[in-house]
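Dear colleague,

Please find the structure below, followed by an account of what was found in it.

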Amino acid sequence: AALLDIHWNITDYYTLKGGFSYKKFDFDTTPSRRDTSVCGGGLYPCGEGEYGAPGTAELSDAYVYPGRVGQGSNTTWAAPSLKGWTEYFDLYNLPANLNFGSNRAVEEENTGYWIQLDGQHLFGNMDFYYNAGVRYIETEQQSSGWNSGVWVTVDRPKYDDTLPALNAALWVTPELVIRGSWAETMSRPSLSQLSPGGSVDSFNYEIRYNNPFLDPTRSENLDFSAEWYFAEEAVIALAWFQKDIESFPIRSSRTGTFAETGLPREVIVPTSPADENLEGTCGIPEGCWEISELLNGPGAKLDGWELAFQAPFDVLFGENWPVWRNMGLVANYTKVDSNVEYDYSGNIVTAPLLNTSEDSYNLTVYYEISNFSARISWAHRSGYNQSGPNRSGNLWQFVNDSTYVDFSMNYILNENWNFTFEALNLTDEAFDAMVD
């Protein structure tokens with residue numbers, strides 16, 4: 001990486017800034033796997049329809065589910081003993097086979113230039129601050145991976161982005177400020193998503209392709225807020241925001257046959273169900289394999305507002321209550337409305353943006369002195385769609401409402417020693433996800 005920034009104080013009220021940056025990222029993974037292919041490896045004489053050695057009491061653990069279930073449901077069952085089976089087959093001395101789908105390499109180079117003007121003006125008794133700038137970025141990517149049994153390297157054509165931005169703040173009084181901003185932004189896909197290859201799950205008949213030509217998530221953003229600093233360390237703020245997202249990566253799925261993918265037989269794990277019956281027995285004429293690929297998905301629009309509050313307790317209740325001294329409250333509530341048009345097996349379904357809750361709030365009570373602090377936090381978010389249409393034949397996978405309570409403490413003994421204690425999810429809230 002290389003970075004160069006220049007600042008020029010033109011006058012007491014204007015500052016011109018600019019710079020250059022260069023970054024290079026490398027992602028390279030070459031995993032192999034030791035499968036318990038005990039039949040194909042001659043470790044156990046499997047009969048017809050058997051995929052491995054039968055479990056025994058010595059090689060099994062009893063698992064008891066502690067949660068609530070419906071009447072008549074089993075809550076205790078046998079699970080393989082990881083230590084027992086590892087020792088039984090001497091697993092770590094078995095030969096490691098190349099995992100084609102997870103072998104990939106990506107190289108990315110980013111070159112950027114930016115310029116920004118900062119200004120300050122006085123309108124009567126009101127201070128006005130602003131900055132305006134633009135950033136130009138060039139991106140080069142090269143990705144490699146196994147595709148149909150061949151190591152493929154893709155040199156993507158260079159692409160560029162010009163990203164302007166404007167920010168302003170008007171201090172109506174020394175305690176009240178109104179802010180506004182507008183910006184165009186981009187966020188590149190993760191390097192692990194850019195492989196020209198994919199992964200094969202021959203136990204569940206799934207093939208997942210990545211995409212070396214994924215576009216960045218580009219958006220135009222608008223924000224306004226009003227903040228009232230009504231006391232020391234205390235503020236009430238109300239903000240409104242809007243995002244117009246051009247596109248974002250989304251996984252599209254379909255059913256098909258293994259033959260139509262052109263993948264070599266070597267990617268199938270020996271003694272897996274697909275090794276026994278390559279095309280499966282699901283009875284679907286189109287094929288039993290779920291074949292998915294990453295695409296430049298539909299755009300999205302979202303807008304929302306947020307109310308935030310922070311204050312020490314002595315500001316709220318007065319200093320006559322010593323019990324409140326050094327304690328305070330931080331809280332916020334956010335509401336988001338978003339709409340995306342998803343393609344579900346040829347039908348357009350309008351739904352909120354993935355991983356976006358309509359309502360969320362956070363509440364923290366804190367205690368702070370010079371060398372000690374403690375806080376307890378409540379975090380709630382409403383349900384949200386976690387994955388898009390067609391995943392395993394479902395319309396959505398979604399997560400239900402959740403509220404998490406966490407606690408943390410920090411004690412500074414001296415300049416060399418700092419002790420931290422954290423307790424997460426005190427109410428044992430479950431992560432509750434379902435499909436429809």
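The largest pocket is lined by 14 residues, and P249, L354, Q386, S387 and G388 lie nearest its centre. A pocket here is an open set of points on a 1 Å grid over the protein atoms alone, where a 1.4 Å probe fits, with protein on both sides within 12 Å along at least five of seven lines; lining residues have an atom within 4 Å of a point. Two or more lining residues come from each of β15 (249-256) and β22 (384-387), and β15 gives the largest share, four residues. Strands are DSSP runs (E, at least two residues), numbered from the N terminus.

This is a predicted model: local features need pLDDT of at least 70, side-chain atom pairs count only at pLDDT 80 or more, and totals for chains, interfaces and linings use all residues. Residues are numbered from 1 along each chain as its sequence is written, and side-chain values use heavy atoms, with hydrogens and water left out.

The whole structure holds one disulfide (a pair of cysteine sulfur atoms within 2.5 Å). This disulfide joins C282 to C288, with an S to S distance of 2.1 Å. The torsion about the S-S bond of C282 and C288 is about -100°, so the disulfide is left-handed. C288 is buried, with a relative accessible area of 18%, whereas C282 counts as partly exposed at 39% relative accessibility. Buried means under 20% relative accessible area, exposed over 50%, and partly exposed in between (1.4 Å probe, protein chains only).

Finally, F128 lies in strand β8 (residues 126-147). The C-alpha atoms of F128 and L170 are separated by 4.6 Å, although these residues are 42 apart along the chain.
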